[in-house]
Amino acid sequence: MAMNSTIISLLSNTTLMDATDQPGYSGTAKDAMCTFPTNFAEVDYISTYIYLLAIPTICVLGAGAAVMCIVVFTRKQMRSSLNVYLAGLSVFDLILLSFSALIFSPLQGCVLQGHGDTTVCHFFWRSTPWTLPISNIAQCGSVWTCVAVTVDRFLAVNYPLHSKIWCTPRRAATILVAITIFSIVFKAPMFFELTNDDCGRLRTSFLRDNKYYKEYYVTFGYLIALLLIPWTIMIILNVFVVKAVHKAYKIRRSMQGGKNNQEEKDRRNSLRCTLMAIAMVLTFLVFNVVAAVNNLAETVFEVSLGFWSPIGNLLICLNSASNIVIYSLFGARFRQMCVLMLCGRQSRWMEWLKVGRSMVSDWDGRDGTTRKTSLDVSTALLSARSSRRWSKRSQSGAPHQPAARKDTVIYTSAQNRLSLQSTPS
């Protein structure tokens, strides 16, 4: 969240200087047109370790984890409104982590080389006008996707019947598209904030130097659109969600019997998903506090907090890279899908996870589909598919022939088995 003003401040204090301002330069302004300094700046060990070691490592590992999350959450077996939001959040995390590595490491490398005429500095100067806005777009999208996740869980917990109609995967995908469009439009001016001079060095543009732009867009735009509104929504709704979850756990303890029925299983899965969403949003708020304070200090009070700036950027990257840990801790099906995709069905990890017919789903290697092991759920799915199939045939104007057969669900004596038997009509 603090990438906007924090990185711009870093650029303003380092690379956005004329050669005549560099230490060790002696000459006229005309000679300094394409003259680069030769003196190296004093090494800041905290920024060096964070930008050249910690952030690249976190970004590489986090990018791989984000790809895994995208693959898992976009499978048909995981189709739900919450998983659609989590897949979109993983896409934003992947973009944010990838471009953060392309920004921070070259930045610190150029600082250590004294902003001289080096390959690292030229790469940083040429790429930053594009990588910085894209990373901020992903950052804005991740913030509002967390808001969407909070609203989704609030509706699921407080309005469980209505949420089945309101919170559908298709509607969640539409909201994700709207969030993406809003993020692109809101962050589009950043593409015009930085430019390169005739020597290729990085400069702030006329737009960025405009005091009204910095006051209204950079300061108040960030405060309202990326801090005040989304954080207020997430904090308030999560308070209600936590209270509802606590109440639900009390009800579960007081209930006797019925632990094996499908309704209790669905309620338990819903609570687990809600706890995962709460943990994810709370982690987001905690990891972004330092960056938010840095941004407020630099944009509103024009005060630099020194080494807290790289720490805030490190926590932002760590937050994006750690979401897979939360998904794994709270999502039984997520763990199952990851192990099946990485290790195969015969892996020892499958035995450790106790993945089998008693779990939520079982992987069918023949056709890549999920077999529901719950009898009630399977019956409902088969009945719904059969009804839709016969309804489409009747509405498509097919020849009116007497029905030769109909599908009937027959219960066998074996536990958790279903079969389709053809019976004459």
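Student: Which residues lie nearest the centre of the largest cavity?
Tutor: This is a predicted model, in which local features need pLDDT of at least 70 and side-chain atom pairs count only at pLDDT 80 or more, while totals for chains, interfaces and linings use all residues. Residues are numbered from 1 along each chain as its sequence is written, and side-chain values use heavy atoms, with hydrogens and water left out. A cavity is a set of points on a 1 Å grid over the protein atoms alone where a 1.4 Å probe fits but cannot get out, and lining residues have an atom within 4 Å of a point. The largest cavity has 15 lining residues, and those nearest its centre are Asp 93, Ser 142, Phe 284, Asn 319 and Ser 320.

Student: How much space lies in the largest cavity?
Tutor: A search of the whole structure turns up 4 cavities of 30 Å³ or more. A volume is the space filled by probe spheres set on the grid points, which are joined across faces, edges and corners. For the largest cavity this space is about 110 Å³.

Student: Which helix gives the most to the lining of the largest cavity?
Tutor: Helices are DSSP runs of H or I with at least four residues, strands are runs of E with at least two, and both are numbered from the N terminus. H3 (81–112), H4 (119–158), H9 (262–287) and H11 (308–321) each supply at least two lining residues. With 4 residues, the one that gives the most is H4.

Student: How many charged residues are in the lining of the largest cavity?
Tutor: Asp, Glu, Lys and Arg count as charged; Ala, Val, Leu, Ile, Met, Phe, Trp, Tyr, Cys and Pro as nonpolar; the others, Gly among them, as polar. The lining has 8 nonpolar and 6 polar residues, and the number of charged ones is 1.

Student: How many residues of helix H10 are buried?
Tutor: Buried means under 20% relative accessible area (1.4 Å probe, protein chains only), exposed means over 50%, and partly exposed lies in between. In the protein as a whole, 45% of the 425 residues are buried. The buried residues of H10 include Val 290, Asn 294 and Glu 298. Helix H10 (residues 289–299) is mostly covered, and of its 11 residues the buried number is 8.

Student: Is Ser 183 buried or exposed?
Tutor: Ser 183 is in helix H6, residues 169–187. Beyond its neighbours within four places in sequence, Ser 183 is in contact (heavy atoms within 4.5 Å) with Ile 137, Cys 140 and Gly 141. Its relative accessibility is 0%, so Ser 183 counts as buried.

Student: What distance separates the C-alpha atoms of Phe 186 and Cys 140?
Tutor: Phe 186 also has its place in helix H6, and Phe 186 counts as buried because its relative accessibility is 15%. Leaving aside neighbours within four places in sequence, its contacts include Cys 140, Tyr 217 and Leu 226. Phe 186 and Cys 140 are 46 residues apart along the chain, and their C-alpha atoms are separated by 8.6 Å.

Student: Is Lys 164 buried or exposed?
Tutor: Lys 164 is in helix H5, residues 160–166. Ser 81 is 83 residues away from Lys 164 in sequence and 9.5 Å away in space, C-alpha to C-alpha. The relative accessibility of Lys 164 is 64%, so this residue counts as exposed.

Student: How many strands does the secondary structure of the protein have?
Tutor: Two spans can be looked at before the total. Residues 130–151 are 100% helix and 0% strand, and residues 273–293 are 95% helix and 0% strand. The protein has 15 helices, and its strands number 6.

Methods: On a 1 Å grid over the protein atoms alone, a cavity is a set of points where a 1.4 Å probe fits but cannot get out, and a pocket is an open set with protein on both sides within 12 Å along at least five of seven lines; lining residues have an atom within 4 Å of a point.
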